[in-house]
Amino acid sequence: QVQLVESGGGLVQAGGSLRLSCAASGRSIAGYHLGWFRQAPGKERGVVAAVSWTGRTTYYADSVKGRFTISRDNVKNTVYLQMNSLKSEDTAVYYCARHPALYSGSALYTSPDDYDTWGQGTQVTVSS
């Protein structure tokens, strides 16, 4: 059974940067699609970014395109989310998640319902 643990959240001023990490233990992330999601108070959890199991295909929500970058390091068993030019509306709890299918196709999954393994989340607060 894989466990996911996020880190790197915190308080940052608007325009600043943060790098979130999601370390997996118990099983390798190799072969699995991975995603970053976020949930703000009173809002539903939604996708921020996703990366295919090959690492060659990525997806970004329109609201973060050009500012956020998802990457993965299968050797370190970790997925990252580099967040630049942060805005107050990026304030949320950020979660990483693993898709259940091994060596799934190239199409990425963007619904939280498509993922079955989640971290506990890390808070990101952007002050304006």
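**Close-up 1. The disulfide between Cys-22 and Cys-96.** Cys-96 counts as buried, at 0% relative accessibility. The model shown here and in the other views is a predicted one. Cys-96 is joined to Cys-22 by a disulfide, with an S to S distance of 1.9 Å. A disulfide is a covalent bond between the sulfur atoms of two cysteines. Cys-22 lies in strand E3 (residues 18–25) and Cys-96 in strand E9, so the pair ties together parts that are 74 residues apart in sequence. The torsion about the S-S bond is about 50°, so this disulfide is right-handed. Cys-22 is buried, with a relative accessible area of 3%. The count for the structure comes to 1 disulfide.

**Close-up 2. The aromatic pair of Trp-53 and Tyr-103.** A search of the whole structure finds 5 aromatic pairs. In one of them, formed by Trp-53 and Tyr-103, the ring centres are 4.8 Å apart and the planes stand at 75°, an edge-to-face arrangement. Both residues are in loops: Trp-53 is in the loop between strand E5 (46–51) and strand E6 (58–60), and Tyr-103 is in the loop between strand E9 (92–102) and strand E10 (117–118). The pair thus links distant parts of the chain, 50 residues apart. Trp-53 has a relative accessible area of 28% and is partly exposed.

**Close-up 3. The aromatic pair of Tyr-95 and Trp-118.** The ring centres of Tyr-95 and Trp-118 are 6.4 Å apart and their planes are at 80°, so this pair is edge-to-face. Tyr-95 belongs to strand E9 and Trp-118 to strand E10, so the pair ties together parts that are 23 residues apart in sequence. Tyr-95 counts as buried because its relative accessibility, 12%, falls under 20%. Trp-118, at 25% relative accessibility, counts as partly exposed.

Close-up 4. Phe-37, Tyr-95, Tyr-115 and Trp-118 are linked into a cluster by ring pairs. Arg-45 lies over the face of Tyr-95, at 3.7 Å from the ring centre. The charged end of Arg-45 also sits over the ring of Trp-118, 4.8 Å from its centre.

**Close-up 5. The largest pocket and its lining.** The largest pocket has a volume of about 170 Å³. Its lining is made up of Arg-38, Gln-39, Ala-40, Lys-43, Glu-44, Gly-46, Val-47, Val-48, Ala-61, Ser-63, Val-64 and Glu-89. Strand E4 (32–39) and E5 are the elements that give two or more residues to this lining. E5 gives the most, with 3 residues. By type, the lining residues divide into 5 nonpolar, 3 polar and 4 charged.

**Close-up 6. Val-124 in strand E11.** Val-124 is found in strand E11 (residues 122–127). Val-124 is buried, with a relative accessible area of 0%. Tyr-32 is 92 residues from Val-124 along the chain, and the C-alpha atoms of these two residues are separated by 25 Å.

Key:
Residues are numbered from 1 along each chain as its sequence is written. This is a predicted model: local features need pLDDT of at least 70, side-chain atom pairs count only at pLDDT 80 or more; totals for chains, interfaces and linings use all residues. Side-chain values use heavy atoms; hydrogens and water are left out. Rings of Phe, Tyr and Trp (its six-membered ring) pair if their centres lie within 6.5 Å; planes under 30 degrees apart count as stacked, over 60 as edge-to-face and the rest as tilted. Helices (H or I, at least four residues) and strands (E, at least two) are DSSP runs, numbered from the N terminus. Buried means under 20% relative accessible area, exposed over 50%, partly exposed in between (1.4 Å probe, protein chains only). A charge sits over a ring if NZ of Lys or CZ of Arg is within 6 Å of the ring centre and within 35 degrees of the ring normal. On a 1 Å grid over the protein atoms alone, a cavity is a set of points where a 1.4 Å probe fits but cannot get out, and a pocket is an open set with protein on both sides within 12 Å along at least five of seven lines; lining residues have an atom within 4 Å of a point. Grid points are joined across faces, edges and corners, and a volume is the space filled by probe spheres set on the points. Ala, Val, Leu, Ile, Met, Phe, Trp, Tyr, Cys and Pro count as nonpolar, Asp, Glu, Lys and Arg as charged, and the others, Gly among them, as polar. A disulfide is a pair of cysteine sulfur atoms within 2.5 Å.
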